[in-house]
Amino acid sequence: MNFLRGVIAGQAAGPQPTGADTIQKLCDRVASSTLLEDRRDAVRALKSLSKKYRLEVGTQAMDHLINILQTDRSDSEILGYALDTLYNIICNDEEEEQDESEDAVTPLPVSGKHKNVSAPDENAQKQADDLGVQFTDTFIQDPEHVTLILSLLEEFDFHVRWPGVKLLTALLKNQCTQVQGVILVSPMGVSRLMDLLADSREVIRNDGLLLLQQLTKSNAAIQKIVAFESAFERLLDIITEEGSSDGGIVVEDCLLLLLNLLRNNSSNQNFFKEGPYIQKMKPWFEVGDDNSGWSAQKVTNLHLMLQLVRVMVSPVNSPGATASCQKSMYQCGLLQQLCTILMATGVPADILTETINTVSEVIRGSQVNQDYFASVNAPSNPPRPAIVVLLMSMVNERQPFVLRCAVLYCFQCFLYKNQKGQGEIVATLLPSTIDANSISAGQLLCGGLFSADSLSNWCAAVALAHALQDNLTQKEQLLRVQLATSLGKPPVSLLQQCTNILSQGSKVQTRVGLLMLLCTWISNCPIAVTHFLHNQENVPFLTAQISENLGEDERLVQGLCALLLGICIYYNDNSLENYTKDKLKQLIEKRIGKENFVEKLCFITKHELYSRAAQKPQPVFPSPEQMLFDHEFTKLVKELEGVITKAVHKSSEDEKKEEEVKKTIEQHDNIVTQYKELIREQDAQIKELKEQLGSMSSQNEQTQATLMQQLSQIQQHKDQYNILKLKLGKENQSPSNGQGDGSQVNGLQTEELTQLREEVEELLKQQTLLQTQLSDKDALINSLKSEAAQTAEGSAGGSENTELLTELEALRSQVQSQASEINQLKTERQELVRRAEAASSDTVPSSDSSVDTDKVAELESRLAALTTETERLKGENKGLLESRADLEQQLASATSTVAILQTEKEKLQTDVQESKKEQDDLLMLLADQDQKIHSLKQRLKGLGETVEDEDDLDARDEDEEEEDDEEED
């Protein structure tokens, strides 16, 4: 302050110092002063002079100010002054000087070079912009300076944070790319800036929005970081807090930032789509019934909101992402809300236009959304479809040009990849569906097609062409349309009426629209080509148009006439004798010339308006006069130009060869297609068989496991039975010491004789059982023989081979089980014979063994039950194996099956021989057993025991019955 007072006091005595001198002294003071208060005053003075003496302050004080930011971090006031000064010298915006009365410095006289300066003109503004860019370049030469500003933004003090935000915004405006690069590599650089949105002070938050707008321009990496720092959620919350579309400039800034983050950034679009953010957009478009008096800010906000919706469903996005967003917008009700605005009254024209464009892109290519749009009705009496109401605006020449373009775009998007909608539009033109009491879309299109307004002609022609795009059925249906031109004259077809108007020489715009309609109509439709050529006047008119030397405006019409004639050649099926492909080529060669024809044809793609229309689907034109080409038609021209040129230059022989090649290729393709279908069917059958085989295999495995479990249980019970039998034999063989000699009969005990008798009876029972088993074995051998004979006779068939193998395997297992049972019976028989012989020489066993006999009977009954269960499981297993064999035999070869069958047959014969041998052995054993039993009976009789034969038992039973009868009498 002392320095400033000295400067002010010395003004009267000496010459007045210039601004540069004063700034130099202040810079020296900032650099040399040791007192913080003096440095603060000097920086404040530099801030006051920084707008008027921008160049001087910038060149002399910038380094000192940066040094202040680095060294005086503890004093927020001096930091704020330094940041404000840097902002003033870097910023290019024209702003009023801020009044700082408490720290005001007496204004210094203006130096000579600043006297009599007039208001800045364009030159002066350009120089100021250049100056700001130069100072920005100087500041960011050291990237640490930008990092320093970022670190200062962490200060919560308002006087530091706010000027820091403004300074960083100015740097981004002047040198966006370089500053973005520094921030991107700075640790937590973007995160620090995102924290500004959470600041409770609205001024800092709002300027933070402006800073993020500049930061996210054309930098996908920063856009992704900002998006993943919860930017979408924060911005949508701010928009809701500020009142959505009714909010102020802050809502506009949030929407601009959202557009920066989403436009041309597929990653952020996917992130936005996957979150709940599309649903949060629906309340933005809720408008009331009273739509009068919209403020300019509301119009701006709603316009930006509609643009945000369009960014998500733009045709330039990937088809998958666009379709997903369209689906979400329909499901959450956003499309319905937009259609409500579309049909509302009192909506400003520019909002209505943008809403139509937005609805167009939301329904484009989405069948569900297109069907919903077709069902929307306008709130009129009677209700009319929204499509009809929009078409009424399109063919009305009093409507604004941009609105008519928007309606055309909406109609095109409604028909894009929508064959159902195309059929409905064409159906309104057919005689059977015309309703005289209502206005249909077809009637409006025909009215616009033949009205006096050339723009209506063009729009109607293009709209009708979109109803035929890539739809052969509707092209043929439209040939049925008949028009009544005037009273007393017969009706003419729509195709003929279009060519009539074309030949009358109307405006260029009308003729271009009609030619585009005709080219779209007859392309890839030989029937329509035949109808067109059937009129004898059409071909001479086209050749005359192409061959004439007309002005620049007519050259485009000539090119389209050449395209139409070329389509008649390329898609000609030679059904008209006078206008076959060869004759049309000869006509071109004689009257036009091939080179001239190709030159006129190629003029279309060289036209400036063609290139503009080919860029994007939406029809955007500066003026109605420049509305000549349609986006879809440019695709058709690009597709047909080359093939028509080749078709004109080809000879008839080349065409014949090409047709033959095409036929051969088609035949080959048909054969390949048939084989592919056959392979697909076989693959499906094999897959089904494999699934069935797997299911049967799993069932078989389960049955096998159950069978093994049952067999193990049977074996356990057999072991228990054998143990009890051995135990019983030991007890019977032990001497009975408790009985005296008086109980003996001829040296043998009564109990032993009873036991011997029981054993003889048991042997008789076993003999009967063995005879039964032998009978079963005989029947089994006979069945094996018969099956082997049947197998030998039908071995060539192969259909029963696998089943027979399965049965052979089951029979082999049964033979083995029977053999094992026979062995077991032999063992038991030998044991009984041995015990009988021992009984004849030793004492007779006791008859008191009923308890053990009951146990044996119980075990035998359990054994019989388990045997029955085993047989049942074997039967189920056999059925499963037969089913499995039926499936496997479809895949096995007949030759290998026959060989296996022969081998199994030989094995079976061997098994049969073995079974016969075993049967003979068993018969021998039974004969021996009978002899032994007979000898035992004789010995018992010799010992004085009464042994009754079977005949004696039967006779005694008869005698007892006769005695009973006599007693009753």
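Which residues make a nonpolar surface patch of about 400 Å²? Ile671, Tyr675, Leu678 and Ile679 make it. The model is predicted: local features need pLDDT of at least 70, side-chain atom pairs count only at pLDDT 80 or more, and totals for chains, interfaces and linings use all residues. Residues are numbered from 1 along each chain as its sequence is written, and side-chain values use heavy atoms, with hydrogens and water left out.

**Figure 1. Overview of the protein chain.** The secondary structure comes to 41 helices and 6 strands. These are DSSP runs numbered from the N terminus (helices: H or I, at least four residues; strands: E, at least two). Of the 969 residues, 46% are buried. Buried means under 20% relative accessible area, exposed over 50%, and partly exposed in between (1.4 Å probe, protein chains only). Among contacts between residues at least 6 apart in sequence, 75% join residues at least 24 apart. A contact means heavy atoms within 4.5 Å. The chain exposes about 50100 Å², and carbon and sulfur atoms supply 49% of that area. Accessible areas come from the Shrake-Rupley method with a 1.4 Å probe; for residues, only the protein chains shown count as cover.

Figure 2. Patches are made of residues with over 30% relative accessible area and no salt bridge; nonpolar side chains (Val, Leu, Ile, Met, Phe, Trp, Tyr) are joined within 5 Å, like charges within 9 Å. Tyr675 is found in helix 36, residues 652-733. Its relative accessibility is 53%, so Tyr675 counts as exposed.

**Figure 3. Two loop residues with positive phi.** Most residues other than glycine have a negative phi. Met188 has a positive phi of about 60°, although it is not a glycine. Met188 sits in the loop between helix 9 (176-185) and helix 10 (189-194). With 56% relative accessibility, Met188 is exposed. Ser218, also not a glycine, has a positive phi of about 55°. The loop holding Ser218 runs between helix 11 (202-215) and helix 12 (220-241). Ser218 is exposed, at 80% relative accessible area.

Figure 4. One aromatic cluster is formed by Phe228, Phe232, Phe271, Phe272 and Tyr277. The whole structure holds 13 aromatic pairs. Rings of Phe, Tyr and Trp (its six-membered ring) pair if their centres lie within 6.5 Å; planes under 30 degrees apart count as stacked, over 60 as edge-to-face and the rest as tilted. Lys298 lies over the face of Trp294, 4.5 Å from the ring centre. Arg364 lies over the face of Tyr416, 3.8 Å from the ring centre. A charge sits over a ring if NZ of Lys or CZ of Arg is within 6 Å of the ring centre and within 35 degrees of the ring normal.

**Figure 5. Helix 29 and its packing partners.** Helix 29 spans residues 526-534, and its Ala528, Val529, Thr530, Phe532 and Leu533 are buried. The buried residues of helix 29 pack against helix 27 (494-503), helix 28 (508-522), helix 30 (538-547), helix 31 (552-570) and helix 32 (581-591).

**Figure 6. Met392 and its contacts.** Met392 lies in helix 21, residues 386-394. Met392 is partly exposed, with a relative accessible area of 29%. Leaving out residues up to four places away in sequence, Met392 touches Arg384 and Leu444. Met392 and Leu444 are 52 residues apart in sequence, yet 6.8 Å apart in space, C-alpha to C-alpha.

**Figure 7. Salt bridges.** A search of the whole structure finds 19 salt bridges. Each is a side-chain nitrogen of Lys or Arg within 4 Å of a carboxyl oxygen of Asp or Glu. Arg192 pairs with Glu154, the closest N and O atoms being 2.8 Å apart. Arg192 lies in helix 10 and Glu154 in the loop between helix 7 (143-152) and helix 8 (158-174), so the pair ties together parts that are 38 residues apart in sequence. Glu154 is exposed, at 52% relative accessibility. Asp199 forms a salt bridge with Arg201, with 3.0 Å between the closest N and O atoms. Asp199 is buried, at 7% relative accessibility. Asp371 and Lys420 meet in a salt bridge of 3.9 Å, N to O. This pair links distant parts of the chain: Asp371 in helix 20 (residues 367-375) and Lys420 in helix 23 (residues 419-427), 49 residues apart. Asp371 is partly exposed, at 30% relative accessibility. Salt bridges that share partners join Arg40, Asp75 and Glu77 into one network.
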